[in-house]
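Good morning, and thank you for coming. I shall take the two chains in turn, beginning with the overall figures.

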Amino acid sequence: MRVRSLPSWLIVALLLTGLLLLAWGGYLAPVVRLVSAPVLQAQSAVVRYVTAVRDYLRTPTDVQALRRRNQELEAQVAELQTQIALLQQQVADLSLYAALLDFARAHPEHEYKTAQVIGRDPSPFLHYIIINLGSDDGIRPGMPVVSAQGLVGQVVAVIPRAARVRLITDPTSRVSVRVLPSNTEALLVGSVTGDLSLDLVPLDATINPGDLVVTAGLGGAYPPNILVGQVLSTRRLAHALFQEVAVQPATPFADLRLVLVIVNFRPVDIAPLIPTPGATTP
Amino acid sequence: MRVYVGGLLLLGLAVVLQSAVVSQWRWLQGAPDLPLLVWAAWVTRERRAAPAWFWAFVVGALWGVYSALPPAAGLVVYAAAGLLAQALRRRIWHPPYLLLFLLVFGGSLLTQGLTYGLVRLLMGAAIPFQTALVQVILPTVLLNLLAALPVYAVVAEWADWVLPPDEVPGL
């Protein structure tokens with residue numbers, strides 16, 4: 001009787017199954033370790049080389065994409081910086097407006113219009129500013145101008161959309177003032193250096209550093225009781241008729257950006273009342 | 001025609017910048033006089049288009065608009081600088097920087113000195129001469145001399161753009 005031989009595929013299958021069972025059972029671990037080591041090394045090498053080639057091929061595209069992204073981000077940063085600067089400017093303006101509002105609330109007897117300082121006199125000898133309100137906005141010559149801190153000056157010339165304001169620091173400026181608490185009246189005088197001083201202060205008047213200087217209202221050019229500044233120093237010279245009094249202005253004239261124009265004050269022209277030599281009274 | 005428009009724009013911009021910005025750049029009480037600097041650079045660069053007094057007249061008129069002094073005062077102040085430029089341009093041809101610095105130095109002294117006189121005369125400001133000299137005139141002259149070259153560089157670029165050398169009349 002002839003015994004039929006098993007098919008070769010079945011022998012191989014049985015053999016593989018046996019090997020698998022042995023491997024799962026852990027009996028082939030040394031053999032697996034021996035065989036897998038070079039295979040894994042080869043696989044790692046293949047992966048490494050393939051990755052290197054792929055990276056080499058993709059790098060130019062990545063650089064271009066990165067550069068484009070970098071430009072986008074730089075543009076975004078510039079835009080954000082601009083926005084920050086604008087917001088900081090708005091915050092600063094807001095605080096200025098708030099200070100002006102406080103001043104207006106503290107002096108409710110006046111009507112105000114807020115104006116922006118848009119220019120200064122081109123000559124350093126003259127202390128004038130130009131504001132962005134004019135006759136179209138109801139501004140008239142003679143109207144007093146104040147800041148949140150105190151007196152600024154007076155409108156001297158007007159065109160439809162702008163006005164020129166003479167600062168109290170101008171060498172030609174004269175303001176009738178009162179020193180508190182002594183109630184001494186004096187004349188505030190500007191100078192080319194921007195320093196303020198009091199003129200016509202009697203020698204016996206009691207004035208001390210730190211005393212407040214406010215407008216007196218005499219002469220009709222300015223309303224009374226607007227803060228002008230503080231007494232900085234006093235000096236009495238033996239041969240002089242009057243004291244020398246230096247005044248620190250309340251308004252920071254170097255940083256003047258926003259001002260208030262008092263629009264309901266009508267200055268009084270007292271020039272006709274001042275007697276002139278040779279004139280006869282009826 | 002282009003050179004006149006270009007000159008007017010340049011000088012107008014200088015006066016606006018002077019009023020809005022440059023007048024606040026103080027050293028003591030002096031400030032750079034940008035209209036004078038631009039005018040000096042312009043007449044140094046553009047010798048053929050128009051006489052120096054013409055541009056001085058333009059600057060003086062523009063300056064008078066912004067100043068609290070009477071408008072004619074600006075014309076008087078810059079007319080003096082224009083006369084100085086006419087006299088110097090006849091004598092100095094090369095190098096241009098010598099003419100520029102002489103114009104800036106002499107023009108600054110003239111304009112500031114005349115302005116001081118007019119402020120005293122017309123506005124009654126009692127400014128002691130020594131104070132004016134030390135606090136305003138000399139600082140302004142020095143600041144003008146320091147700023148002369150940078151301003152000249154910008155004006156020269158502008159002049160080349162407005163009127164290329166091959167289009168200058170007479171060249």
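**Two chains, one predicted model**

In chain A, 32% of the 282 residues count as buried, where buried means under 20% relative accessible area with a 1.4 Å probe, protein chains only. The model is predicted: local features need pLDDT of at least 70, side-chain atom pairs count only at pLDDT 80 or more, and totals for chains, interfaces and linings use all residues. Residues are numbered from 1 along each chain as its sequence is written, chains are lettered from A and ligands numbered from 1 in the order in which they are written, and side-chain values use heavy atoms, with hydrogens and water left out.

Chain A contains two helices and 12 strands; these are DSSP runs, helices being H or I of at least four residues and strands E of at least two, numbered from the N terminus. What radius of gyration does chain A have? The value is 45 Å, whereas a compact globule of 282 residues would be near 19 Å; the radius is taken over C-alpha atoms, and the globule rule is 2.2 Å times the number of residues to the power 0.38. Along the principal axes, the C-alpha atoms of chain A fill a box of roughly 170 × 45 × 35 Å.

I turn now to chain B. Six helices and zero strands make up its count. With 171 residues, chain B has a radius of gyration of 16 Å, which agrees with the value near 16 Å for a compact globule. Its C-alpha trace spans about 50 × 30 × 30 Å along the principal axes. Of the 171 residues of chain B, 51% count as buried.

Note on methods. Buried < 20%, exposed > 50% of the residue type's maximum accessible area, 1.4 Å probe, protein only.
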